[in-house]
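Here is a short report on one protein model. It takes a surface patch first, then the strands around it, then a separate sheet.

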Amino acid sequence: MGKKITDKVTWVGKVDWELKSFHGKEYSTRRGSSYNSYLIQDEKIVLIDTVWQPFDREFVSRLKQEIDINKIDYIIANHGEIDHSGALPELLREIPNTPVYCTAKGAQILKGHYHEDWNFVTVKTGDTLDIGKSKLIFVEAPMLHWPDSMFTYMTEDNILFSNDAFGQHYASESLYNENVDESELYEEAIKYYANILTPFSGLVTKKIHEVLGFNLPVDLICPSHGVIWKEKPTQIVTNYLEWANNYQENQITIIYDTMWNATRKMAEAIASGIHEIDPAVTIQLHNASKTDKNDIITDIFKSKAILVGSPTVNNGYLHSIGGLIEMVKGLKFKNKVAAAFGSYGWSGEVVKQLNEELEKCGFRVANQGHRSLWVPDEVEIETLRGFGKEFVSQM
Ligand code: FEO
């Protein structure tokens, strides 16, 4: 059954409690997610977005319990990615001529996915659609996070349907932010920003200021994943502005992988040195082969500096570190310091390689890094503690 949000708007999405990964395996969703679809019943009937394809039949059948789908006047596709457009083929098989409102890029993307010549109506920022007492206003939001992304604003009810922006992968029976655990919700929202939106931070700031410039009242922000922002709805907008502005906390994250614990001992000694010289700084240590990669990315996002360590194996670094470096490269973090470390037995080129990669990732590399031959003894542990202290002074 759908859930009433206002007199005119009903949530008709799908909560996916079982979802444990998203974008293939690229994003861990330990708290599940939801695909939010919204049905507006004004003088005209409008459906905003659908759900992921595996739930298409369930979605259409539940939609039929809400309304005669032949009465749907307009479908709004804020974004063509399959988690929101996945039920369009099933729905449009039954109501094939219904206009699908989307951006020009959205029409291309939907055609590219489904190879159907639906009744597309392309819209631009500022275009409006009268649906009775309310009006829908479209705002293009290219690269937040796909070229086709857009927001739809509904007057009278003062709702911003923001699609992926302001979303969270967070399954909940409750619809609203005020009814869920606040710290869990914050964790999921910042993880979502760090792992998906970081590269587009400049555009995030610009778009938010553009939307704020319209001076439209906002009572609800209805994203396409997770809960609706109802209590202090613009708090997530404030968070986004902070996160988009080279966000960092007083935190240093140390990431390593290890074969026989030598590089782990190095990581712990460096952490101890950092703590001695700066007890206020939060230090996070992660073994990249054991900690969830998206949690590590979130910690990097929060950090003012990172250290990355790997032993030298076959003239290179361990694959967990390699995979993480590739993710970090794509996210284009700014204004952060980094350095490398690692144990070795003979060739030992990894520290230099890692520093080069960290520079390519956009970090300011603070020093030459540090390598330890075989397993660090007490003297070497002290040296590593000194390396940690020096790193702080170089930040
Ligand atoms: Fe939730 Fe970009 O799809």
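In this predicted model, Trp346, Leu373, Trp374 and Val375 make up a nonpolar patch on the surface.

Tryptophan 346 sits in the loop between β20 (337–344) and α11 (350–360). Its relative accessibility is 71%, so tryptophan 346 counts as exposed, the cut-off being over 50%.

Leu373 belongs to strand β22 (residues 370–373). Leu373 and Arg371 are on the uncovered face of β22. His370 and Ser372 are on the covered face. In a regular strand, side chains alternate between the two faces of the sheet.

Strand β22 runs parallel to β20, and 4 bridges join the two. Within this pairing, serine 343 is opposite serine 372 of β22.

| Strands | Sense | Bridges |
|---|---|---|
| β20 and β22 | parallel | 4 bridges |
| β12 and β13 | antiparallel | 3 bridges |

The second pair belongs to an open sheet of 5 strands, ordered β12-β13-β14-β15-β16, with mixed pairing. Which strands stand at the edges? They are β12 (128–130) and β16 (220–223). Each has a single partner strand, so one side of each lacks a neighbour in the sheet. From one strand to the next, the twist averages 20°.

Leucine 129 has leucine 136 in β13 as its bridge partner. Helix α6 (residues 201–213) packs on this sheet and touches β13 and β14 (150–154). The direction of α6 makes about 150° with that of β13.

Technical notes
Residues numbered from 1 in each chain as written. Predicted model: local features only at pLDDT ≥ 70, side-chain atom pairs only at ≥ 80, totals over all residues. Heavy atoms only, no water. Pairing = 2+ DSSP bridges. Axes fitted to C-alpha atoms, helices over the stretch in contact; angles between N-to-C directions. Contact = heavy atoms within 4.5 Å. Patch = residues over 30% accessible without salt bridge, like charges linked within 9 Å, V, L, I, M, F, W, Y side chains within 5 Å. Areas by Shrake-Rupley, 256 points an atom, 1.4 Å probe, with all protein chains shown as cover. Salt bridge = Lys/Arg side-chain N within 4 Å of Asp/Glu carboxyl O. Buried < 20%, exposed > 50% of the residue type's maximum accessible area, 1.4 Å probe, protein only.
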